[in-house]
2 protein chains.
Amino acid sequence: MLQAFAALLVEHGERAATLDAVADRAGVSKGGLLYHFGSKDALVDGLAEHLRALTAADVDAMRAAPAGPVDYLIRTSTQVDTEFELVYLAVSRLAQGAYPHARAALDGAHDAWTATVLEVVADPVLARAIVLMSDGLYAHAALSGERPGDDLTSRRMGVDDLLALIDEMIALRAPRATEG
Amino acid sequence: MLQAFAALLVEHGERAATLDAVADRAGVSKGGLLYHFGSKDALVDGLAEHLRALTAADVDAMRAAPAGPVDYLIRTSTQVDTEFELVYLAVSRLAQGAYPHARAALDGAHDAWTATVLEVVADPVLARAIVLMSDGLYAHAALSGERPGDDLTSRRMGVDDLLALIDEMIALRAPRATEG
DNA sequence: AACTTCCTACCGTCCAGACGGTATAGTAAC
DNA sequence: GTTACTATACCGTCTGGACGGTAGGAAGTT
C-alpha cells in the first residue's frame, strides 16, 4: 500500500494520490486501506517512517559500495526505479505540499548522506557541494515523472564525466582520501 | 493575480492553490479571476509564460552581474524572496503535479543558465556541475516553504565557501576564464 | 465433534464539504 | 456602451472519512 502511495505521488503528483487511487493501485478497497492506516495523515506518517528505515539501509549500502560512497550517491541520484529513490521523491512531494512535517525524514536522509560523504572527503564544503549535486540530480529525476529513461539518457551527458570531475576536486581538496 | 498564485503554490503547495484561494489572496472575487483567466489551465499557462519572460530578464542580469554569472546564479539560488525565484519554484510545483507540460518553461530557464555559465566556464562538465549545485540549492529553498530565513541562515554554512570551491574548480579546469 | 464467540482483514455505501466552472444581476469608471 | 469587475447562487464531481456489514479462521466451551 505504501508502495502504491509512493508510486502515485511520484508519477502523478500529490493531488492524484487520493485514498481511492491508492486503494485501487494497491488492489484493495478504500475501506481496506483505511483499516490499516486510519487516516490520510497516518498514511503519510507511514511513508515517512518507511523512508527512515530505507535511509538506514541506503547508508549501509553507500558505505559498502565497491566504488565508494560518493560514486554510489551520485549514481543512485539519477535512478527512479529503486524503492529508496521512489520513496524519497514521494516524501519530498509531500513535504512540498500539505505535509511539511514530512520534511524531517528528508532531512534525516540528507544529514546521513552528508555525514557519510564527509567520512571519505574530509572537507565539509566539498562534501556539501557533492550532496548538492546529488540533490540537483534528484530534482531532475523528480521532474522526469513517468517517462522511462527518455531524457535521462539523452541529455545526461555522462554521470561518469561528473564523477571524474568530483574525483579531481577530491584530489585537490583532500589528496589523501580517495578510493573506497 | 499570477503573483498570488505563485505565492500560494510555493507556501502551501499545489493543492492549496485553488481558484478561491488565489482570488482571495489577489484581493479579487473568483468571478474577477475567471474573467482574466478563463480556466485554471489558463492560469497555469499564464504563469509559465510569465516565467519565460522573467527568465530572459534573469539571464540578462546574470550576464551583467559584477561578480560574474556563476556568482549570481549560486547566490540567487538560495533566495525565495525575489519574483523570479518565487515563480520558478511555483512552476516546478506545477510541473511535478497535474501540469507536466509546465516543465517546458523550466527547461527553458535551465538551458539558458547552462548556456550562460558555459560562456564563462568553457568546460561543459563543469558548467553542468555548477548548474546542478544551483538546482540542489533550489530544491532546499523549495522545501523551506514559509519559514523566513530560519534554517537557511543556520545550516547553510556559507555560500561564500561554496563559491570559493567553485572558483578553484574553474581555475583547475579552465584557467583562463575566471573573473567577470 | 459441534457450537458459539471473538478477532482480523477487509468490502461497499453513504455523507458533508470542497473543487472547478458557469451563470446572472448589479456597479462604477471611461 | 464597453470594460472591469463584485457578489451570490448554483452544478456535477471528487474528497477524506465514518459506518455497518461480512468471510474466514482461531479459541474456548460443552
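**Protein–DNA surface and chain interface**

In this predicted model, 16 residues surround DNA strand D, the closest being T18(A), K40(A), V28(B), G31(B) and G32(B); a residue is near a strand if its C-beta atom, placed from the backbone, lies within 6 Å of it. Local features need pLDDT of at least 70, side-chain atom pairs count only at pLDDT 80 or more, and totals for chains, interfaces and linings use all residues. Residues are numbered from 1 along each chain as its sequence is written, while chains are lettered from A and ligands numbered from 1 in the order in which they are written.

The surface near DNA strand D draws at least two residues from each of α2 (19–26), α3 (30–36) and α4 (40–64) of chain A and α3 (30–36) of chain B. Helices here are DSSP runs (H or I, at least four residues), numbered from the N terminus. With five residues, α3(B) gives the most to this surface. By class, the surface comprises four nonpolar, seven polar and five charged residues; Ala, Val, Leu, Ile, Met, Phe, Trp, Tyr, Cys and Pro count as nonpolar, Asp, Glu, Lys and Arg as charged, and the others, Gly among them, as polar.

Between the chains, 34 residues of chain B are in contact with 34 residues of chain A (C-beta atoms, placed from the backbone, within 7 Å). On the chain B side, α8(B) provides the largest share, 14 residues.

Helix α8 (residues 124–144) of chain A packs against α8(B) at about 80 degrees, with the axes 7 Å apart; axes are lines fitted to C-alpha atoms over the stretch in contact, and angles run from 0 to 180 degrees between N-to-C directions. The two helices α8(A) and α8(B) are therefore roughly perpendicular (65 to 115 degrees).

Conventions
Two residues are in contact if their C-beta atoms, placed from the backbone, lie within 7 Å. Angles under 35 degrees count as roughly parallel, over 145 as roughly antiparallel, 65 to 115 as roughly perpendicular and the rest as oblique.
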